[in-house]
Amino acid sequence: IPEFSRSARFSQITLRQLLNHTSGIPDYGDLRIDDTGLEQRGLIGALLKKEDLLAKPGMKYRYSNPGYALLAVVVERVSGERFGEFLGQEIFEPVGMNNTFVYDSPTKKNARTAVGYGQFGQVDDGGPTAIPGDGGIYSTVDDLLKWDQALYTDRLVDQSTLAEAFAPGKVRLGTSTYGFGWNIEEDGGSKYLWHQGSHAGFRAFIGRRLADRVTVIILTNKGNSKRQDINAAIQNILSDKPYVLPRQSGAEKLYKTIQESGIQAALQLYDALKHAKSVDYDLGESELNALGYQLLYGDHRVSDAIAIFKLNAIEHPWSSNAFDSLGEAYARSGERDLAIKCYAMAVTLDPTNGHAAGALKELG
């Protein structure tokens, strides 16, 4: 990408560092870049303007969707083909993945394509992606199993090359358990590889135990599904171990109460479930955060959203993200001073929280 040659930081980044998330490029949210509809030129230009936010390449692991978008840019420039066409020729067609495609055009969908829904029942389908390297692929469980099986052979990639993909990247600060597109864990002397992803109302998960050749693939078109919990239960069932059923969504339970009886009734229900130590519902930080954002942007009930985000910050006082979200709700309601206090707390708790730091800068 010659546009980066004039940049002191970007010119040092290698393809390997993009692959294992050690490039120093933060994620879109921390960069305060809206990736919706962003194309190659726009992405590169936007990143160059954020050069001062980059960590030194190779210093530490930091998950970066823009890094994988840049990898797709490289593939397109080297191959001379659109990323989706390249994947079709080199992976999908050779493996027989006939129901898999990169959603880079509205014409790619047909009547058989699933529609995405948010956690609270609203249609959340998403649109075509202009830069698909960090997502935007539609597939099926059967097709992904074909891909999984091909990775045990030299059909797509030599095993010696895959060994590098399945090895954590080297960092100078902290540790990393991420290879090329895979989280890597050691389990009983063998490698366990996994990844999950989300876009709009769609969620995906794949976990591969290499020695046993056991693979779990989960695809759902309902947002915020309990993929990790479901996978853990399946893995235990396959190993004849005790398992725990995933808990139901506390956010959905509270949302129904808000719709029927109002915010105060929902807050009382939360207290009742918490003090009863209910194992049926997940009342964790991510659940409250998801509920708050549904109220804030989905239902435009700003005061109710503030109440939920405030509850989350009280329940999780060491969470930078909880205060970040509360600050966003206060900013939305025009309560500037309270927004600044919350964003400042978010940065204090996590100095790498680029979203909160950017919001503080905008608020002066």
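Residues are numbered from 1 along each chain as its sequence is written, and side-chain values use heavy atoms, without hydrogens or water. Since the model is predicted, local features need pLDDT of at least 70 and side-chain atom pairs count only at pLDDT 80 or more, while totals for chains, interfaces and linings use all residues.

Let me begin with the helix pairs. Helices here are DSSP runs of H or I with at least four residues, strands are runs of E with at least two, and both are numbered from the N terminus. Axes are lines fitted to C-alpha atoms, for helices over the stretch in contact, with angles from 0 to 180 degrees between N-to-C directions.

Helix 11, residues 285–298, and helix 13, residues 320–332, have axes that come within 11 Å and cross at roughly 10°. Helix 11 is therefore roughly parallel to helix 13, a term for angles under 35 degrees. The crossing is left-handed, meaning that the near helix is turned anticlockwise from the far one by less than a right angle; clockwise would be right-handed. Contact, defined as heavy atoms within 4.5 Å, involves E285, N289, Y293, L296 and Y297 of helix 11 and N321, A322, S325, E328, A329 and R332 of helix 13. These residues comprise five nonpolar, three polar and three charged. In this scheme Ala, Val, Leu, Ile, Met, Phe, Trp, Tyr, Cys and Pro are nonpolar, Asp, Glu, Lys and Arg are charged, and the others, Gly among them, are polar.

The second pair is helix 10, residues 263–275, and helix 12, residues 302–315, whose axes come within 10 Å and cross at roughly 25°. They are therefore roughly parallel to each other, but their crossing is right-handed. I263, L267, Y270 and K274 of helix 10 meet D304, A307, I308, L311 and E315 of helix 12. By class, this contact has six nonpolar, no polar and three charged residues.

I turn now to single residues.

Finally, most residues other than glycine have a negative phi. H21, not a glycine, has a positive phi of about 60°, and R213, also not a glycine, has one of about 55°. H21 is buried at 2%, whereas R213 is exposed at 51%.

Notes: Parallel < 35°, antiparallel > 145°, perpendicular 65-115°, else oblique. Buried < 20%, exposed > 50% of the residue type's maximum accessible area, 1.4 Å probe, protein only.
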